[in-house]
Amino acid sequence: MVDLKQYIVDLSKKVNINLIGFTDCQPFYDLKDYLIQRKEESKETEFEEKDIDKRINPRLIFPECKTIIALGISYNITLDEEPDYKLRGALSKSSWGVDYHTVLKDRMIRLIKELEKAMDFKYMYFVDTGPLIDREIARRCGLGYYGKNCSIINDEYGSFIFLGYILTNLEVEEYSSPVEEKCGDCDLCLRACPTKALESPYRVNPKRCLSYLTQTKDMIPHELREKMGTRIYGCDTCQMVCPKNKGVEKSNHSEFIPEITKGYMNIEELLTISNKEFKKKYGTMAGSWRGKNVLKRNGIIALGNMKNKESLILLKPILKDQNPMIRDYTEWAINKINK
Ligand code: B12
């Protein structure tokens with residue numbers, strides 16, 4: 001057999017994985033103090049594994065682990081089309097088209113299946129929902145470096161890349177080397193963040209990050225509701241201003257083309273659509289994972305921020321919504337419009 005690492009790299013190209021790298025499964029001890037500090041400062045989110053040892057030690061997840069294979073695919077799609085509805089709420093690119101967990105897992109399963117044709121091995125694979133820290137794995141595997149906006153940036157594809165990894169008992173002869181950080185003096189992302197969630201280079205306060213606010217079910221402070229603008233899911237601001245995303249290779253994964261949404265939700269529809277219809281129409285979109293009501297709430301916030309009196313006719317009926325969260329935000333939006 002040719003070099004195993006090269007063999008896996010070649011297979012990854014065959015199944016259309018854009019980026020791949022390899023590292024050993026030494027624990028990520030360097031991160032421990034930072035993770036403890038974040039917990040103490042209440043900067044940990046409800047979307048993360050709470051057990052810090054599990055976050056840094058691959059062998060606690062997969063005792064036979066010898067190698068971690070990091071994988072990345074670009075979701076950098078640009079679109080000329082616009083939807084025809086008037087009340088538009090923005091979706092971040094990470095929620096364009098088909099859910100990235102499905103797309104990247106599909107590529108990873110294909111890679112694993114190809115490899116299984118040639119050898120027996122053990123593995124576990126994760127996209128996003130694993131306990132380990134995907135970005136740190138990607139960094140150690142040389143897929144890219146941390147931008148000051150905290151995203152992993154690759155020289156060829158920029159930062160609009162999704163990350164996944166395979167823990168395996170396979171061993172390769174040589175591991176990848178991390179790449180050097182290239183932000184230099186640039187601080188455009190820190191300056192552009194509407195809530196100053198990027199408190200210093202490489203340090204985001206998730207509780208102020210607009211992406212987090214569009215996903216949490218916790219009460220959103222009034223000051224931050226205003227900063228959400230018309231965002232329905234996620235936020236791309238710190239990546240859109242990044243010069244490293246200019247002139248990069250675009251995504252070749254057609255699943256990320258937002259055929260149905262064109263990158264926006266119709267807020268009027270969001271306020272009236274049934275749960276069943278929502279699931280049927282938007283269930284495969286990454287941003288639907290928190291359920292319809294979270295997006296509906298964000299739609300209500302968007303209407304409040306648009307301050308258009310014509311929206312009152314849409315908002316008044318949902319003052320009687322059975323969900324207390326919806327009633328509360330509707331009251332806020334109506335007050336904002338009437339001010
Ligand atoms: C929780 C979570 C969030 C939270 C918290 C984000 C965060 N920064 O931690 C919220 C909801 C805010 C969020 C938002 C987004 N997320 Co998110 N998220 C996650 C998740 C599930 C865990 C992240 C985590 O563990 N954070 C832990 C802390 C420790 O991270 P941190 O504070 O950023 O600190 C890191 C760096 O800043 C760095 N660091 C810290 N100090 C220093 C100092 C120096 C000098 C240096 C160089 C580095 C450095 O090391 C830390 C460890 O990675 C991961 C998937 C996973 N399981 O890993 C996806 C993940 C990070 N998210 C992802 C994406 C796409 C996003 C969004 C772009 C989505 C969007 N458009 O709205 C935004 C980007 C926001 C941002 N600027 O980070 C991708 C990132 C891909 C990439 N290219 O980097 C991931 C990896 C999912 C995936 N598998 O593809 N996310």
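Student: Into which domains is the protein divided?

Tutor: The protein is divided into domain 1 (4-77 + 99-168) and domain 2 (188-338); such bounds come from an automatic or database domain assignment. Residues are numbered from 1 along each chain as its sequence is written. Please note that this is a predicted model, in which local features need pLDDT of at least 70 and side-chain atom pairs count only at pLDDT 80 or more, while totals for chains, interfaces and linings use all residues.

Student: How many residues does the contact take from domain 1 and from domain 2?

Tutor: Domain 1 gives 23 residues to the contact and domain 2 gives 27 residues; two residues are in contact if their C-beta atoms, placed from the backbone, lie within 7 Å. On the side of domain 1 that touches domain 2, β2 and α5 each supply at least two residues. The centres of the two domains, taken over C-alpha atoms, are separated by 27 Å.

Student: What makes M285 a buried residue?

Tutor: A residue is called buried if 20 or more other C-beta atoms, placed from the backbone, lie within 10 Å of its own, exposed if 12 or fewer do, and partly exposed in between. M285 has 21 other C-beta atoms within 10 Å, and therefore M285 is buried. M285 is found in the loop between α12 (275-282) and α13 (292-306). Leaving aside residues up to four places away in sequence, M285 touches S95 and D99.

Student: What makes β1 and β4 edge strands?

Tutor: Two strands pair if DSSP finds at least two bridges between them; strands (E, at least two residues) and helices (H or I, at least four) are DSSP runs, numbered from the N terminus. Four strands form an open sheet in the order β1-β2-β7-β4, with antiparallel pairing. β1 (19-24) and β4 (123-126) each pair on one side only, and they are the edge strands.

Student: How many bridges join β1 to β2, and how many join β2 to β7?

Tutor: Six bridges join β1 to β2 (residues 67-74), and eight bridges join β2 to β7. The bridge partner of G21 in β2 is A70, and A70 stands opposite Y165 in β7. Four bridges pair β4 with β7; here Y125 stands opposite I166.

Student: At what angle to β7 does helix α5 run?

Tutor: Helix α5 (residues 100-118) runs at about 40 degrees to β7 (161-168), lying across β2, β4 and β7. Axes are lines fitted to C-alpha atoms, for helices over the stretch in contact, and angles run from 0 to 180 degrees between N-to-C directions.

Student: How many residues surround the ligand?

Tutor: The ligand is surrounded by 38 residues, of which the closest are S92, D134, Y202, S211 and G234; a residue is near a molecule if its C-beta atom, placed from the backbone, lies within 6 Å of it. Domain 1 and domain 2 each give at least three residues to this shell.
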